[in-house]
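Here is a short report on one protein model.

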Amino acid sequence: MTDQQSERRRLLQELGDQKIPFLAPSDRGFQQLWDTSYSGLVLRKSCSLPAELHSRVQAALLTLRRKGCLLKDLVRVRDRDVFTAVSRALLGEPGHTYRYLDTRLFAIPWHSEDIDVKGQNCCDPDLRAACKALWELNTFFCTDVSQLKEGDRLSQSAKGEAEAKQGEEGDTESKHSEDSKNSEGGDSESRQSEEGDTESKHSEEWDIESKHSEEGCSGSKQEGEWETEFKHSTEEGESSQLKPGETSFAAASEHAEGKCPDWGVKASGGTETEPVGLKAQEKPVAELKHSLSDYHIQDKEEHESGQGCSQPSPPQVCSGPVKFNVTLLNYMDPAAMSQLKEEPYYGMGKMAVGWHHDENLITHSPVAVYSYSCHDDKGESSEGSSSDKACWRIGLKVAWDIHTPGLMLPLESGDCYYMRDDLNSTHQHCVLAGDTARFSSTHRVAECSSGTLTYIQSRCREALSNLHTDPETGSHRLVALLPATLQDCEEIHNEVEFEWLRQYWFQGQRYARFCSWWTRPMEQLEKDWKLMETMTMLFLAAVEEEGQEEEGRREMAEILLSALTDRHQQRQTWRDRCHSSLAQTLPPEEAPVDRPFWGVDDPSMPLPFDLADIINRVESLLWRM
């Protein structure tokens, strides 16, 4: 057990069965907590966005769902494949990808330009229009986030009207707080009993939480799926379905009825109401025997891009104007989920998505999220719904800190929020389920130094520059036999196969029936990969050639053995993933494909060989040396 894991377990032992405080907008001290501990969070109310933009974006989201473009991902968690709880798709700059939990998503392009200009008609007009509408939202976010000033927390229209209601809201504040306690804190004992809040259970959950996990990556337990394939009940986002009235802000619509509320009411006189969800015996968590006020544990897991780059570059830091290059679209309907787990540390309610950081982003880059709740696929909005309907909310907490209270922010349909500066890296957030279906469009500055088509094409050119093809006979030979050059070529070979081709055929190809943008580039990548396979055979022939200096042959053999051993192991992993029981539950048009093929899998290849046999030959050669 690492020192970090030991500290986590110590914290959880110290916490025991107690709940950590959290504040919602109806609680005094909410604004102060927001300003002091969550200053990177900005809320933009729905009425502050152009109505035409709302209309186009919401129609686009419904179009994507109606066409079947939003699909569940099969991701890798603790060496097991699991389905995401949310259905999703990636849109973004042409040729961009986004990688999370050993899964690479291939972006459907924005289609921000006229197809006549680009000369590529890769999808139907409806899908093209939907993608362009989300590009317009992306453009709005880029401008809006860049214009925010230090200290901005709440963007809203009709501010004067909201301020006029401030007194009335203040009169009802205590009622909301009391109602919150009745709904949240009143049944906290039963929830604790259901969850069985033991130190070992929490420890396992918090260990999972510390790993990079994308929004919706480990949601609810699907009947049959998780029972057989993933019996651990510790993944983020599992729980029972949220029922009306369980959330401390179920009646959020009472605040405004379509108008922008003012949630920035400062506490007066220095006194505050008790935080939401606390019972009398739970309050001592803020006064633990060993105070954690000066002990702020941040999640310091390595933020590796995981993009397969053989020579990773230093992490980029966001500077200058914001330019979101992708948006990850999510859709979830709580009514279709068999179980959603209670949020275990604060008692915030049922979770649709567990605690996580968004991963593979440029350091300190912002994230912008558009939230759209609707009753059905026709797009009937949940705005103006009755107060017994629970709205969707986001929860935030300081990473690995059980002293600072959490923050819970309700989201009406059409609301947006921004996570700025270092909020995503120093804090974690979760999504708390409402009673209606919800779309979210999460705009990011993805770290794509090794995640674009342009990048991998340049890597292919680099490797293939060491291969000469005779224009008359078509025969091949290696240009140079320098060990460093050969090692670089084999690393690129593995990167092309496992970070691009197998990722694409595992799940990326599912989107080809909607948008064919990636089809030709991936066909070319596969042709380049076949040439790299030829280069491996030429490399092997050079190693086995007797006339060379023994020391040089040994160095080349060791490089080849290392590359081939890694390749053999990864091919077996991908083969297992493609034929897993979970993968077999997918319909044919979404099922993973074990490709690219080689050896007996594809007799048409010019130089079929058994990789295990080649490894044995190289090992025998090294043994003889």
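## Overall chain

Of the contacts in the protein chain with a separation of 6 or more, 82% join residues 24 or more positions apart; contact means heavy atoms within 4.5 Å. This is a predicted model: local features need pLDDT of at least 70, side-chain atom pairs count only at pLDDT 80 or more, and totals for chains, interfaces and linings use all residues. Residues are numbered from 1 along each chain as its sequence is written, and side-chain values use heavy atoms, leaving out hydrogens and water.

The protein chain has 16 helices and 18 strands. These are DSSP runs, numbered from the N terminus: helices are H or I, at least four residues, and strands are E, at least two. Buried residues make up 56% of the 625 residues (buried: under 20% relative accessible area, 1.4 Å probe, protein chains only).

## Helices α14 and α16

Helix α14 (residues 519–544) and helix α16 (residues 611–624) have axes that come within 11 Å and cross at roughly 25°. That makes the two roughly parallel (angles under 35 degrees). Axes are lines fitted to C-alpha atoms over the stretch in contact, with angles from 0 to 180 degrees between N-to-C directions.

From α14, the contact uses L540, V543 and E544; from α16, I614, R617, V618 and L621.

## Residue L134

L134 lies in helix α5 (residues 125–147). L134 is buried, with a relative accessible area of 0%. Not counting residues up to four places away in sequence, L134 touches several residues, among them L61, W110, L329 and H443.

How values were computed: Buried means under 20% relative accessible area, exposed over 50%, partly exposed in between (1.4 Å probe, protein chains only). Angles under 35 degrees count as roughly parallel, over 145 as roughly antiparallel, 65 to 115 as roughly perpendicular and the rest as oblique.
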